[in-house]
Every structure is written in C-alpha cells, then in structure tokens.
Amino acid sequence: MISEVIDNEQVELLLNDVLETHGYDFLEYSHASIKRRITRLYALDSFVSFAEFRYTVKTDKQYFKRFLEEITVNVTEMFRDPSFYKALRNDVLPVLGTYPFIRIWVAGCSTGEEAFSLAILLKELNLLNKSLIYATDINPSVLEKAKKGMFPLNYLKQYSENYLQSGGTKDFSTYYTANYSLAKFDESLSSKMIFSTHNLVSDHSFNEFQLILCRNVLIYFDKDLQHKVFNLFDNSIENLGYLALGSKESLDFWPKAKGYKRIKQEKIWRKL
Amino acid sequence: MEKTVNKTSCTALIIGGSAGSLDVLLEIFPQLSQNLNFPIILVVHRKASNESLLTDLIRNRTSLLVSEAEEKELLKAGKVFIAPADYHMLIEEDHSISLDYSEKINYSRPSIDVTFQSAAEVFKSGLVCILLSGSNADGVEGLKSVNNFGGRVVIQNPNTAIMPYMPQQAVLQVQPHEVVDGHDMATYINKLNN
C-alpha cells in the first residue's frame, strides 16, 4: 500500500524497457493509473529493489506475462450498467437486426463477461445465429479465460440482478451450469465469438463493424491516445453503425465527434 | 498530538467519508464560503446504483459548482468534484482527473486511500485531507501518504462521528495535524481559504 516507493522517473524507465524489449507501448497510458498498477505489483510480488523488479520485467518472459496481466485492469462484470444494456436491447440491436449479418467488436474484452452478456441479448432477440462477436484484448491470458466462458459462481447473483434490471425476462440460470465454484456459460453463446489479441495502441483496423463496444478501456489512456483509438474505431465502423463507451467516457472532445450522434442518455453514438 | 499548523496555503482539499459521513457533509456545505480558492474533492462510499443522488444532495446545499467528476477533467478552484460511484479517482500531475475501474480497495470503489495517495504526491504540502465518519479503515493508508508528502491530515473527532471506527483508526495510526468536531468542520474549511 505504500505508494512512494517508485517514482515517476522509474515508471518511465520501466515502461521504456517494456516497449523496447516486449513491444508493448504503455507510454500514453494515464500516468497516475499505470503508476498505481506498477507500484501495486511491485509491493505484491515483494521485490527487494526497483533494480531487481526492472531486471525481472525485462528478462523474464514468464514474469512479463504476469506483469502484462496485472498492469492492465481486467475487472469486468456481466450486464454492468443495466440501463446501458437496456438501450442495446431496445434501441440498438433491433436496428442491427434488419441487416443480413451483424458484426460486433468488443475491444478490450478482458475475461469476456461483456461478450457473453451481448451474446445473451442477441440470443433473446433471435439474432445470435446471424451475428459474429469479435472479442479482442491486449492480453493473451485473459483471452484464454474468456474463451472458456466460465465465471466465478459467487458473482452470479449480482449478474442475475443486473440482467433483470437490464430488461431480461428469462431465468438467468438457464444460461449456465454450475460447476464447483464456476458457472459455465452455454456453448451456443461462445460459438458466435472469435477471440484474438489486438493492441489498441499499435494494431490497425481489421474489419468493419456495425457495433463496437469499448467500455472502461479508454479511461486508462491519455487524451492523445484516446483520439488515436477513436480514429481507429472510426475506420472500423460502417456508416450508421454504433460505438458504445463506458459510463464515464465520452467522444465529446474528439475532433470528428460531429460525425456521430448520441443515442438518448447512454454512452452510445451512431455514425452518421 | 497536534502538530503546529504550517501556513502553507491549501491548493486542494479532499474529503473522504463512509457510513455516517453524509450528515456531516450536508451540514458542511451550506456553510462554506462562496469563493474558495481551492478545489474540493469528495470521495464517499456508496452503492454503485445511487448514481447522482449524492451529487444532487450536495448541489442543493451550496452555491459552489458541484459535479460528478469526469475523466480527464481539470480540477478548478471553487468547484466541488465528486468521485463517481464504482470508480476509483486519481489525480494526475497536471491536476486532471483519472478514473480507474480496478479492484475494490477495502471493499470500496471509490476508495479513499486511492485518491488520497495519488493526490498526496501531486499536491504535496498544498494538500489538505479530511477523513470523516465510517465503519471501515479506508483512508488511513492514504492519510499516511499525505503525511509523508507534507500534506495536512485532518480527522473528524471520532466522538462526534456516527460511525467512529474510521476516524478512530486514523487517529490511532496517523499523526493528525488536527482533530475537528463534525459541527466545526465548515468553519475549519473556510479558514483554509487564504
């Protein structure tokens, strides 16, 4: 919990190492947040000195996997912000339902809870069979978890409440089977998902989508990087497609925001 | 217990509170001077679903500008910034706000520790942090950082707190500059305005 053990210069040294040695660019991440993640990991793994920490991150490939997983925030939830999912259910997905084929990108999908929430909505609207959900993340190990579609059982009560609040009417437990401490979600849901690594900082557009979900990812980026990512999304959304952000994120200060129209009260924009 | 109050002026004030702190906050805000020359940041534990309720309650009791903090927003003197429910709030070197949806700290998001710690490094001796009523120890570690970076630590007198545990832990573990009764908190804050 001590936050003063690593100073700003050391953070910069470490992040430069990570870029040079491993090719991951965190230099345009929000500084206070990334510094807190680094300090937290340093304390958690009880390194005796910053030099040792730096050396390990630089040279130990196994440890770097852990570093990547811990430095990025992978906290997520099913049906987080129920009113958002209600808007998807009532206002966005029915419009997409008029297309012959629906392509959705969940950018920064972490362990997959949002992708599975979305798949449940699509299934209930009878759209899942003509949909494809591309779920990407910078972090290969969270994708491995996401592919399995297994979430800790003790969260399911909360998820079920979220689901009902978002306008769901089914018995939520019909979507999973309890397996010891995990809930394994129906494979019909994941059959329409493609998981792949994608780094929003350095990778390019790889397809065109009618809906991009990128929620609570951009809060970790500085303004310039946010704008770069918005440009990447802009290149990846069809005309009249939708972009959905987290509840505290906004398109407002991006120069091309005029080409997008906000949907109701939610953080959903439609490309004009 | 009390250290001599140094005369460094306040550049930012953060108030952290949990259970039982709302009463104090609702008493403080109507009494605050209208032209404070520092920003006030509020970090209050509450349920994720009570989105704008706290903001509305505070807004109705002061003529200061009150808003739920937006990410990348710049802190401004005379304005009240409320850490949004279910996000941690951090302060950047350029005095802008970063939000963070990482793991809960002390079962809390927003965590008072997180905001205290990040602001301690940025504002150093210009920071004043007040810890109010509450029933867990969130904020205590943060106050230690504030002390280390030369900021001012102010704790609500536990005897005046509805839930004394949080201020009690702070008084036990951190050297406070000041222990202030709930009823006197507004006067204390107004005096920071120099």
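Mentor: Arg89(A) is buried, with a relative accessible area of 10% (buried means under 20%, exposed over 50%, and partly exposed in between, using a 1.4 Å probe and protein chains only). This is a predicted model, in which local features need pLDDT of at least 70 and side-chain atom pairs count only at pLDDT 80 or more, while totals for chains, interfaces and linings use all residues. Residues are numbered from 1 along each chain as its sequence is written, chains are lettered from A and ligands numbered from 1 in the order in which they are written, and side-chain values use heavy atoms, without hydrogens or water.

The side chain of Arg89(A) meets that of Glu124(A) in a salt bridge, 2.9 Å from N to O (a salt bridge is a side-chain nitrogen of Lys or Arg within 4 Å of a carboxyl oxygen of Asp or Glu). Glu124(A) sits in helix 6 (residues 113–124) of chain A and Arg89(A) in helix 5 of chain A, so the pair links parts of the chain that are 35 residues apart. Helices (H or I, at least four residues) and strands (E, at least two) are DSSP runs, numbered from the N terminus. Glu124(A) is also buried, at 17% relative accessible area.

Over all chains there are 28 salt bridges, and the interface of chain B and chain A has 7 salt bridges. One joins Glu121(B) and Lys35(A), with 2.4 Å between N and O. This pair crosses between chains, from helix 3 of chain B to helix 2 (residues 31–44) of chain A. Glu121(B) counts as buried because its relative accessibility is 13%, and Lys35(A) is buried at 7%. Asp100(B) and Arg36(A) also form a salt bridge, their closest N and O atoms being 3.6 Å apart.

Now the interface as a whole. Chain B puts 29 residues into the contact and chain A puts in 27 (contact means heavy atoms within 4.5 Å). About 2500 Å² is buried between chain B and chain A, with carbon and sulfur atoms giving 44% of that area. Lys72(B), Tyr87(B) and Tyr101(B) supply 27% of the area that chain B buries against chain A, more than any other three residues. Buried area here is the accessible area (1.4 Å probe) that two parts lose on being put together, summed over both.

Between the two chains, 17 residue pairs are in polar contact, both residues being at pLDDT 80 or more. A polar contact is a pair of N or O atoms within 3.5 Å; within protein, one must be able to donate a hydrogen and the other to accept it, and residues adjacent in sequence count only if both atoms are side-chain atoms. On the side of chain B that touches chain A, the elements giving two or more residues are strand 5 (88–91), strand 6 (97–100), helix 3 (112–123) and helix 4 (140–148) of chain B. Helix 3 of chain B gives the most, with 4 residues.

Lys144(B) is partly exposed at 27% relative accessibility, and Glu141(B) is partly exposed at 26%. Finally, salt bridges that share partners join Arg37(A), Arg40(A), Asp45(A), Arg66(A), Glu70(A) and Glu103(B) into one network.
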